[in-house]
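Please take a look at the chain shown here. Some questions about it come next.

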Amino acid sequence: QPYKDNYVDSSFLDSLILNANVQRYEFRTLCHGALPIIWQLSLVVIFVNVWWRMQRLIWDLQWLLALDIVLFGYLILGGWRKEDHKMEDQALWDVLDVLDVLQALKIIFPLWVLAPLLQTLTRSW
């Protein structure tokens with residue numbers, strides 16, 4: 001070839017468009033987009049922390065079970081939602097409460113069924 005490998009034509013810089021696809025983002029939009037990732041990471045950290053404390057016998061099993069029952073009851077009764085947001089349509093809240101209970105049962109029932117298997121696996125480990 002008749003020119004060097006790093007050759008740049010003089011018209012290249014004149015026709016170059018800088019930052020053509022740069023968008024301005026709002027801070028609120030960025031934070032809202034990062035929330036699902038932060039939520040998942042927080043759940044993993046909480047799970048590992050509780051598991052570690054249970055293995056070290058820092059927390060008692062009965063205390064943790066009582067805490068679970070209290071938190072689960074609070075979420076099922078919708079205290080976190082009904083106090084903060086006043087809705088005119090009470091029927092919609094009732095439907096959402098039923099859906100919340102069904103979602104919780106989808107998680108709790110398989111764990112309840114698999115609990116003996118998980119218990120034997122953790123004993124053998």
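What follows is a set of questions and answers on the helices, the loops and the pocket of this model.

This is a predicted model, in which local features need pLDDT of at least 70 and side-chain atom pairs count only at pLDDT 80 or more, while totals for chains, interfaces and linings use all residues. Residues are numbered from 1 along each chain as its sequence is written, and side-chain values use heavy atoms, with hydrogens and water left out.

Reader: How many helices and strands does the protein chain have?
Author: Helices (H or I, at least four residues) and strands (E, at least two) are DSSP runs, numbered from the N terminus. Along the sequence, the pattern reads α-α-α-α-α. The count for the protein chain is therefore 0 strands and 5 helices.

Reader: Where in α2 does the kink lie?
Author: The bend at a residue is the angle between axes fitted to the seven residues ending there and the seven starting there. In α2 a kink of about 40° is found shortly before the proline P36, at L35.

Reader: Is N19 buried or exposed?
Author: N19 sits in the loop between α1 (10-15) and α2, and its phi is positive, near 55°, in a residue other than glycine. Buried means under 20% relative accessible area, exposed over 50% and partly exposed in between (1.4 Å probe, protein chains only). Because its relative accessible area is 64%, N19 is exposed.

Reader: What is the relative accessibility of L57?
Author: L57 belongs to the loop between α2 and α3. Although not a glycine, L57 has a positive phi of about 60°. L57 counts as exposed because its relative accessibility is 72%.

Reader: Which helix gives the most to the lining of the largest pocket?
Author: On a 1 Å grid over the protein atoms alone, a pocket is an open set of points where a 1.4 Å probe fits, with protein on both sides within 12 Å along at least five of seven lines, and lining residues have an atom within 4 Å of a point. The largest pocket has 33 lining residues, with F47, L64, D68, I108 and L111 nearest its centre. Helices α2, α3 (61-77) and α5 (90-124) each supply at least two residues of this lining. With 11 residues, the most comes from α5.

Reader: Which residues form an aromatic pair?
Author: Rings of Phe, Tyr and Trp (its six-membered ring) pair if their centres lie within 6.5 Å; planes under 30 degrees apart count as stacked, over 60 as edge-to-face and the rest as tilted. The whole structure holds 1 aromatic pair. This pair is tilted, at 5.3 Å centre to centre and 50° between the planes, and is formed by W59 and W63.
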